[in-house]
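Here is a short briefing for a first look. Keep the sequence and the 3D view at hand while reading.

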Amino acid sequence: MKKAYFFDMDGVLFDSMPNHAQAWDDIMKKHGLDFTAQDCYRQEGRTGQDVIHHAIWQKEHREASEEEIWAIYREKSNRFLELGGAGPMRGVKDVLDYLMAQGKQLYVVTGSGQQTLFDELNKTFPNAFARERMVTALDVTKGKPDPEPYLRAWKKSGLEKSECCVIENAPIGIRAGKAAGLFTIGVNTGPLPDDDLYDAGADIVVKDMAALLAYLKAL
Ligand code: MG
């Protein structure tokens, strides 16, 4: 078994992708920008800022200002909450409990940039994650698929790369984990085919959290 586990958040810790996809679809349409629910699944893992920057560039061939990007991102975040936000992914608490009982280090590595992220995590998963064991959009200059977010988590851990494991649900996140040189497990909680996760470089792909727990227990 590895000593540290780096968890992606959306689609891994939280069953949040359906409402994220809907919120992106609604708000980007409202601004006349091209980024659909389907794009959201395919490109999941990119930071919201990056998505908005890109969409404005494609439409208007200009650099968007930070202010403009954050304004749209805030709208999208509000829409996500209006739609009901998200609860924990089914079965993930059992995975976290098992790893905690084994004395493993748990990290969150996410492209999300919500200010209240730590409080939300702590409310849903008490004692699982420490503030200093989080890497968010606010901590990196380049988001996934760049290896930077996972390299930051690895550096914080003080461990060898071979002692760390990434848990991801999306191709871009898997590419980031592999580019960082880390063992990466794909948990396919969304609508994409398993092959999309293998093609991104996943070392193994499991279908849900129960399968992930069975895999970890068998190690
Ligand atoms: Mg994800």
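Are aspartate 10 and glutamate 44 buried or exposed? Both aspartate 10 and glutamate 44 are buried. The model is predicted. The points below cover a metal site, a lysine and a histidine.

**Magnesium site**
- Four protein residues donate to the magnesium ion: Asp8 (OD), Asp10 (O), Glu44 (OE) and Asn169 (OD1).
- These donors lie 1.9 to 2.2 Å from the ion.
- Along the chain, the donors of the magnesium ion are spaced as D-x1-D-x33-E-x124-N.
- Aspartate 10 sits in the loop between strand S1 (4–7) and helix H1 (17–30), and glutamate 44 in the loop between helix H2 (37–42) and helix H3 (48–60), so the pair ties together parts 34 residues apart in sequence.

**Lysine 144**
- Lysine 144 belongs to the loop between strand S3 (134–135) and helix H7 (148–157).
- Its relative accessibility is 4%, so lysine 144 counts as buried.
- Its side chain reaches the backbone oxygen of valine 109 at 2.8 Å.
- The side chains of lysine 144 and glutamate 168 are joined by a polar contact of 2.8 Å.

**Histidine 20**
- Histidine 20 is part of helix H1.
- With a relative accessible area of 8%, histidine 20 is buried.
- Setting aside neighbours within four places in sequence, histidine 20 contacts Asp10, Cys40, Lys76 and Phe80.

Key. Residues numbered from 1 in each chain as written. Predicted model: local features only at pLDDT ≥ 70, side-chain atom pairs only at ≥ 80, totals over all residues. Heavy atoms only, no water. Donors = N, O, S within 2.8 Å, 3.2 Å for Na, K, Ca; no water. Helix = DSSP H or I, 4+ residues; strand = E, 2+ residues; numbered from the N terminus. Buried < 20%, exposed > 50% of the residue type's maximum accessible area, 1.4 Å probe, protein only. Polar contact = N/O pair within 3.5 Å; in protein donor to acceptor, adjacent residues only side chain to side chain. Contact = heavy atoms within 4.5 Å.
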